[in-house]
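Here is my note on the model, point by point. Please read it with the coordinates open.

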Amino acid sequence: MYPPSIQKAIEQFSRFPTIGQRTASRFAFYILKASPAEVKELIAAIHALKKDIQLCRFCFSPFQISPEHSPLCEICRNTARNTNIVCVVEKENDLESIEKTNLYKGLYFVLGGTVHTLRKEDIRAIRAQELKERLANPKEFGIQIEKFQELLIATNPTPEGEATGLYIERLMEPLHIPVTRLGRGLPIGAELEYADEETLKNALEGRR
Ligand SMILES: [Zn+2]
């Protein structure tokens, strides 16, 4: 057993996604060895995350609060983008991966996860109702169009991603927005955030 203060730090770090006890203890010992200035910087960065970042009113992606206090992120407020199409992704990293291809110029929506089953508690964990509200009433959420022309479902080709995509597609049916999916090329079970740029480009171009 480590001294209580080290133990406590390990507990905190092991709450991070994918971080187990062993890695968490490495983090704790790294901080023990760091200079006071480095520790101060780390604490400031964590504070800034909470203080300077907000979630976009339309797409839920986190962005730096602007001086003019816009409720929309840089992508949603960029008038050069194609506001007729919304790409639904599971998480922020997937949005980044698609942005990096430079091929997609529409808007996004971050679901915040996947559903394993269609049980209520699973469904509540993703922003499905929020998506529906935004698709039904874009203007109310800051997007100045009457109706979206395309809903691109870009969940991962994993069993959870597929189930989530199907669920979203069904839930949005009454809105009568044409739905497309990423095309072939993404290996089954793969995740967008690990796909190479070329593969992702092909999947975007081949959407159907
Ligand atoms: Zn946004």
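1. Start at strand β4. Val88 has Phe109 as its bridge partner in β4. Val86 is bridged to Leu107 of β4. Four bridges in total join β3 (residues 85-89) to β4, and the two strands run parallel. Strands here are DSSP runs of E with at least two residues, helices are runs of H or I with at least four residues, and both are numbered from the N terminus. Two strands count as paired if DSSP finds at least two bridges between them.

2. A word on provenance. The model is predicted, so local features are reported only at pLDDT of at least 70 and side-chain atom pairs only at pLDDT 80 or more, while totals for chains, interfaces and linings use all residues. Residues are numbered from 1 along each chain as its sequence is written, and side-chain values use heavy atoms, with hydrogens and water left out.

3. Which way do the side chains of β4 point? Leu107 and Phe109 go one way, Tyr108 and Val110 the other, and all are buried. Buried means under 20% relative accessible area, exposed means over 50%, and partly exposed lies in between (1.4 Å probe, protein chains only). In a regular strand, side chains alternate between the two faces of the sheet.

4. Now the whole sheet. Four strands form an open, parallel sheet in the order β4-β3-β5-β6. Its edge strands are β4 (107-110) and β6 (179-181), each pairing on one side only. From one strand to the next, the twist averages 25°.

5. Two helices pack on this sheet. Helix α5 (residues 92-101) touches β3 and β4, and its direction makes about 160° with that of β4. Helix α8 (residues 159-172) touches β5 (150-153) and β6, at about 170° to the direction of β6. Contact means heavy atoms within 4.5 Å. Axes are lines fitted to C-alpha atoms, for helices over the stretch in contact, and angles between N-to-C directions run from 0 to 180 degrees.

6. Check two backbone angles. Most residues other than glycine have a negative phi. Asn102 is not a glycine, yet has a positive phi of about 65°. Asn102 sits in the loop between α5 and β4 and is exposed, at 54% relative accessible area. Phe60, also not a glycine, has a positive phi of about 70°. Phe60 belongs to the loop between β1 (53-55) and β2 (62-64). Why is Phe60 classed as buried? Because its relative accessible area is 14%.

7. Next, charge pairs. Side chains of opposite charge can pair when their charged atoms come close. The rule here asks for a side-chain nitrogen of Lys or Arg within 4 Å of a carboxyl oxygen of Asp or Glu. By that rule there are nine salt bridges. One of them joins Glu146 to Lys139, with the closest N and O atoms 2.6 Å apart. Glu146 is exposed at 64%, while Lys139 is partly exposed at 42%. Salt bridges with shared partners also link Lys91, Asp94 and Glu193 into one network.

8. Two of the pairs have N-to-O distances worth noting against the cut-off. Arg134 and Glu133 meet at 3.9 Å. Arg134 is buried, with 6% relative accessible area, whereas Glu133 is partly exposed at 41%. Glu68 and Arg77 are bridged at 3.8 Å. Here Glu68 is exposed at 56% and Arg77 partly exposed at 27%.

9. Leu32 lies in helix α2 (residues 21-33) and is exposed, at 56%.

10. Last, the chain totals. The protein chain has nine helices and six strands. Of its 208 residues, 40% count as buried. The C-alpha trace spans about 60 × 45 × 35 Å along its principal axes. Accessible surface comes to about 12,600 Å², with 55% belonging to carbon and sulfur atoms. Areas come from the Shrake-Rupley method with a 1.4 Å probe; for residues, only the protein chains shown count as cover.
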